[in-house]
Amino acid sequence: MKALKHFLLVYDRHTGETDVRQEFPASETRAALRARFQLERDFRGHEEIEIVVLTGASLEGLRKTHSRYFGGPAKRSLAAV
């Protein structure tokens, strides 16, 4: 079984676009959450923007289990994924 990772996403509810911002190893849960909270502050007042950290073995697996965030065009994908 693959090691789990955390993926930081910025999802635009109006356009359906997902920006995959960063990938964190499972051991860096706090860093992933700190990054999420910082983005939430940065996007405060933008009700159409949702900031999430999803955890899974791969981004491709998350596309299947969390398709809500991946239905529209991806603005950027991680090179390592």
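**View 1. Surface and overall fold of the predicted model.** The protein exposes about 5,200 Å², and carbon and sulfur atoms supply 50% of that area. Accessible areas come from the Shrake-Rupley method with a 1.4 Å probe; for residues, only the protein chains shown count as cover. This is a predicted model, in which local features need pLDDT of at least 70 and side-chain atom pairs count only at pLDDT 80 or more, while totals for chains, interfaces and linings use all residues. Residues are numbered from 1 along each chain as its sequence is written, and side-chain values use heavy atoms, with hydrogens and water left out.

Two helices and four strands are present. Along the sequence they follow the pattern β-β-α-β-α-β. Helices (H or I, at least four residues) and strands (E, at least two) are DSSP runs, numbered from the N terminus. Of the 81 residues, 35% count as buried. Buried means under 20% relative accessible area, exposed over 50%, and partly exposed in between (1.4 Å probe, protein chains only). Among contacts between residues at least 6 apart in sequence, 59% join residues at least 24 apart. A contact means heavy atoms within 4.5 Å.

**View 2. The largest nonpolar core.** Ten residues make up this core: F7, L9, Y11, V20, V52, L54, L59, L62, Y69 and F70. At least two core residues come from each of β1 (5–12), β3 (49–56) and α2 (59–65). β1 gives the most, with three. A second, separate core has nine residues, including F24, A31, A32 and I49. A nonpolar core is a set of buried Ala, Val, Leu, Ile, Met, Phe, Trp, Tyr and Cys residues joined through side-chain atoms within 4.5 Å. In soluble globular proteins, nonpolar side chains tend to be buried together.

**View 3. D12 in strand β1.** D12 has its place in strand β1. This residue counts as buried because its relative accessibility is 17%. The D12 side chain reaches the backbone nitrogen of H14 at 2.8 Å. That is a polar contact (a pair of N or O atoms within 3.5 Å; within protein, one must be able to donate a hydrogen and the other to accept it, and residues adjacent in sequence count only if both atoms are side-chain atoms). Leaving aside neighbours within four places in sequence, D12 is in contact with E17, E48 and I49.

**View 4. K2 and A57.** K2 lies in the segment before β1. K2 is exposed, because its relative accessible area is 59%. K2 and A57 are 55 residues apart in sequence, yet 5.6 Å apart in space, C-alpha to C-alpha. Beyond its neighbours within four places in sequence, K2 is in contact with A57 and S58.
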